[in-house]
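Please read the points alongside the sequence and the model.

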Amino acid sequence: MTTLLRVDASIRVDGSVSRALADSAEAAWRAEHPDGVVVRRDLGQHPIPANVWPAVISAKMGFDAAPDADRADSTEALALADDLIAEIKNADAVLLAVPLYNYGISQHVKTWIDVLVSEQELAAGDGPLRGKPVIFTLARGGGYGPGTPRDGWDHATPYLERIFGDVFGMNVRKAVAELTLASVTPAMAELIPASKIAEEEAHITAKEHAAAVAKELAAA
């Protein structure tokens with residue numbers, strides 16, 4: 001039996017494009033693995049407290065990373081860290097749905113990643129995550145491709161690729177929808193047709209990636 005870890009990060013539920021893309025990917029994965037297990041971690045709706053990471057680092061490294069008043073209880077923080085690390089280690093594949101917020105990732109995504117990186121075994125590059133598939137379903141409110149006015153302003157995707165691809169050694173796939181704010185931003189009204197095309201293509205890509213990952217797992 002295979003396990004998919006799905007991690008959502010949008011602070012929205014209804015209308016979230018990153019969640020919708022992840023839904024498409026999950027549906028395609030389930031079609032190949034109807035008996036598979038999906039483990040969910042919703043960072044958008046249930047964020048990890050920011051003071052957990054200093055507590056984990058303090059306990060693991062043996063030094064005070066923050067004043068006691070600003071640090072979570074070390075026992076509880078380590079227990080949560082163990083849960084987060086076990087989730088990704090035990091998963092056969094990972095589905096990570098992340099929107100671009102203020103040109104980067106939000107605090108709750110960074111906290112989750114920081115806790116994972118605190119485990120030296122994961123951050124070694126040749127650890128238990130090496131070669132494991134991860135699918136990013138990404139939503140960007142504007143346009144950030146080559147030649148656009150904000151080319152290079154997306155600081156989320158390169159960071160995620162660096163951590164999951166280079167640090168963890170995972171096999172990264174991406175499905176990206178751009179211009180997702182066109183329908184609610186008057187100044188972007190002329191981009192609505194392009195945004196719809198981008199979103200439709202992203203759904204197709206998400207399904208293709210998930211189906212490919214599922215077939216690879218079945219053949220392993």
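**Notes on the sheet and its surroundings**

1. Helix H6 (residues 157–167) lies across E3, E4 and E5 and runs at about 170 degrees to E4. Helices (H or I, at least four residues) and strands (E, at least two) are DSSP runs, numbered from the N terminus. Axes are lines fitted to C-alpha atoms, for helices over the stretch in contact, and angles run from 0 to 180 degrees between N-to-C directions.

2. The model is predicted: local features need pLDDT of at least 70 and side-chain atom pairs count only at pLDDT 80 or more, while totals for chains, interfaces and linings use all residues. Residues are numbered from 1 along each chain as its sequence is written, and side-chain values use heavy atoms, with hydrogens and water left out.

3. Five strands form an open sheet in the order E2-E1-E3-E4-E5, with parallel pairing. Strand E2 (37–42) and strand E5 (171–177) stand at the edges with a single partner strand each, so one side of each is left without a neighbour in the sheet. On average, neighbouring strands of this sheet are turned by 15 degrees against each other, direction ignored.

4. Strands E3 (residues 93–99) and E4 (residues 133–139) pair in the parallel sense over six bridges; two strands pair if DSSP finds at least two bridges between them. Leu96 has Phe136 as its bridge partner in E4.

5. Ile88 belongs to helix H3 (residues 74–90). Ile88 counts as buried because its relative accessibility is 0%, buried meaning under 20% relative accessible area (1.4 Å probe, protein chains only). Leaving aside residues up to four places away in sequence, Ile88 touches residues including Leu5, Val94 and Phe164, contact meaning heavy atoms within 4.5 Å.

Conventions:
Buried < 20%, exposed > 50% of the residue type's maximum accessible area, 1.4 Å probe, protein only.
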